[in-house]
Amino acid sequence: MYVVDGLPINTGNTTQLGAGNQLTNGLNDLNPNDIESIEVLKDAAASAIYGSRASNGVVIITTKRGKAGKAQVDLEYYTGTQSVWKKPDILNGEQQTLLFIDQAVNRYPANANGNYPYSKTLTFRTKEDLAAYVYGPGNASVSDGLASYVDAGPIQPLSQFQNPSTATSTNWIDEVTRSAPISNYGLTFSGGSAQSTYRINANYFDQEGVIVGTGFKRASVRTALTSNLSDKIRMGLTLGLTSSINNRVNNDNSIYGVLTTARLYAADLPIYNANGTYYKVGSLENPVAAAKEPYIKSVNNRVIGTQYTEFELIKNLKYRAMFGLDYTYGRDDRFYSTLTNAGANTRGEATVATLQDINYNHTSSLNYSKIFATDHSLSALLVAEYQRDNYQDTYAQATGFPSNSIRQLSAGATKTSATSSATGNALFSLLGKVDYSFKSRYLFTLSVRRDRSSRFGADNQVGYFPAVSGAWRVIEESFLKDQTVLSELKLRGSYGETGNQPTGNFGSRGLIGVGYNYLDQGGLALNQLANPELRWERTKQLNFGVDVGFMSNRFYVSADAYQRKTDDLLLAQQLPSDTGFRSYSANIGNIENKGVEFALTTLNIQNEGDGFNWDTNFNISFNRNKVTKLSDDNPTGQAAGFASRLIVGQPLGAFYGYRVDHIIQTQAELEALNSGSKTGVYQSTLTRPGDIKFVDLNGDGRVTADDQEIIGNAQAKFYGGFNNTFRYKGFDLTAFLQFNVGNDIYNNARSSTEGMSTTYGQDAAVLNRWTPTNTNTDIPRAIAGDPNSNTRTSTRFLEDGSFARFKNVVLGYTLPKPVASRLHLRTVRIYAQSQNLVTFTKYSGLDPEVSTFSGSNTSPGTDFFTYPQARTITGGIILGL
């Protein structure tokens, strides 16, 4: 959950139109320059006050306010470029052609006459004829009982297979990626007095994507006002207005995506036909067409605002009323022209979708704070909160357009779809919280939150979430008064419970859906099964920690240990297909997380004034995660992605599949394997030397589905960050290193780009494939159709996902104030900044910081042609007037 100035905001997808796994994110509507601070609540008691919305963590964002003093004007501008920091090494046209020949010959080997039988009726004269027929667009002609390849045109002619050096060589990745500009413009007015302050910021952000066809623009204005109307009445207002445009392409987990097709189109194919039209092969979209021709635009207009009024009713007792609004209006436009596969057969396809989401919140709180007898401090808080979300959308589609330049729905000859829907949910909460401290030495907090959610059935709507925490500041004890080494010593402990609601508004109810029409008559049908037993997902967390400071806190260490148990996990329970339903909402099991975290802050070198200063912040976390219960007692668990599986005793993100043993080297070895099987076949009747031998786990002499096991884990052994800041005179340098160690990534893209069995383009790694003369390799032979299933889910495509990355590096210079004053400026700062500057990893994919199923916490760590993060280098200037 993200809370902005006290308002829980929507952060999920704001588009109705799928583009592979490319979704939009509500957080993009926030201007980073408006953020004053970000606090991540990890402590159990701190999170518990947010009750049912805190199960997955709480991030508190506070935006900037004006400060009392002279009016100030600040201008900020930066510009730069982005690029793909890593590109795949792919085969060129000649290498791809030789691979095609290898694939064909291994599947259809020569007979005693040196010809190549393809079927009972076709035997090709040469291997080049065979390969051209299998992988080219032409046909075969038969003469004297032998077939020869007949060209279908200039693309993939027989001469290319006879002389591979003449093959076309297209680098599709280069064709669909680019160096992309990025710019940001900001203007801020701020100031105020002891009675009131103001801050107004206007911002425009313009970013083109590193994939052709993508881009993002955002214009925003944010106002923050505070006013002390009297000694007892204070008011405040924050209001942010944002309009963003997201130009999108199909990507991520989409066989029609730009990056996907650029990896799968073979290098020996041209971009265009001789007549200038896009060259197409099979059902795959031409990569350049996929990038340039679809029109997919998402426009998001958003208002996020809060207003509070605080009254001091009597001494030490304050009442605060806050009203919040998170309003989103979005519109998606998509047009597939006749130049695309999606629009070719329908003479163009246009879709328009709109949504409106109104999320409003009211919070009333009473806070009593008093210090008794000097040493006793007591604070009591009572809160009543009501939040409601109303959502509605429309969707319409048409086909049959007179021109690709006319894209309005009204121009479509056939209106193929028109739907609308509306839904909503509400949450009413009560919170009581007491804080007590004695001499700032002994600290105690107790809280209880009650949530009532409309997303559950009548019997399960209410959830109670208690929390308790305590701390002992040992440094305040008399027995440590005379020592000079320690400046802080604090012991902490807490216990708290949080909850989670279903993502759907009516998950517990059986629903009847519309649109099941028959003979032009409106129809209704059951489209969701009821589960009246659906109940709160509950997380119970126990924390213990210690804070130690040395030498006036120049060295400050925090250590935490935690255990977090989540019961009644809310997920979709899979159903047999003969029920007519794929799944229903259910409490399917329990999970446990436990671990330790360490944070270190050091002021390594300190000098007054503009002398040299060096600060360091380091943090590291060790987390262990496992599923402790599932409603389905299947020992192989539940599938949750390409290779992911939920299994009791295993972590979320466990990978399940076959284990590679080695490459079968000789026919004698293969015959020995087959002789040990009761069926006479160890893997396949078409297994040959050069194929992978998978492990027979159960020892029955055959490799079957029963020989799969847990092969990897997407959870890191440890992760963290290392930040250093250096300052000298007007110069400053900040470098942040992010690291993640011990996690596996299942690179499912490699099953296509190293499969060596189809028409797909291949990575250069396959140059080291097994051949009779290259046997010292772990890459199997190339063979059309992959009869041994060398590309099955296995350890072959499991990789170490560990990485270290300089996530952010900033070098800046601030002019001395006397120099700035001579320029009639308050402050001048210039800087250069880089994101994702350098990455250290053994992972072969485009980005180790990857998860194709980004919206799922049950299948992390899978890569299937995921859009990579860009390396960004910018330069900017800040002027204070």
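A salt bridge here is a side-chain nitrogen of Lys or Arg within 4 Å of a carboxyl oxygen of Asp or Glu. By that test, the side chains of Glu476 and Lys481 meet in one, at 3.7 Å from N to O. Before going on, a word on the ground rules: this is a predicted model, where local features need pLDDT of at least 70, side-chain atom pairs count only at pLDDT 80 or more, and totals for chains, interfaces and linings use all residues. Residues are numbered from 1 along each chain as its sequence is written, and side-chain values use heavy atoms, with hydrogens and water left out.

Back to Glu476, which also pairs with Arg473, the closest N and O atoms being 3.3 Å apart. At 23% relative accessibility, Glu476 counts as partly exposed (buried is under 20% relative accessible area, exposed over 50%, partly exposed in between, with a 1.4 Å probe and protein chains only).

The structure holds 35 salt bridges, and another one to look at joins Asp847 and Arg805, at 3.1 Å from N to O. Asp847 sits in the loop between β42 (839–841) and β43 (862–863) and Arg805 in strand β40 (803–814), so this pair ties together parts that are 42 residues apart in sequence. Both Asp847 and Arg805 are buried. As for the Glu476 group, salt bridges with shared partners link Arg473, Glu476, Lys481 and Glu488 into one network. The strand and helix labels are DSSP runs numbered from the N terminus: helices are H or I with at least four residues, strands E with at least two.

Asp5, in the loop between β1 (2–4) and β2 (7–8), has a positive phi of about 50 degrees although it is not a glycine. Asp5 is buried, at 12% relative accessibility. Asp786 also has a positive phi of about 50 degrees without being a glycine; its loop runs between α10 (750–753) and β39 (798–800), and Asp786 is buried at 9%.

Finally, the second largest pocket has a volume of about 760 Å³. A pocket is an open set of points on a 1 Å grid over the protein atoms alone, where a 1.4 Å probe fits, with protein on both sides within 12 Å along at least five of seven lines; lining residues have an atom within 4 Å of a point. Of the 32 lining residues, the closest to the centre are Gly6, Tyr50, Arg320, Thr363 and Leu381. Strand β15 (317–336) gives the most to this lining, with 4 residues.

Note on methods: Points joined across faces, edges and corners; volume = space filled by probe spheres on them.
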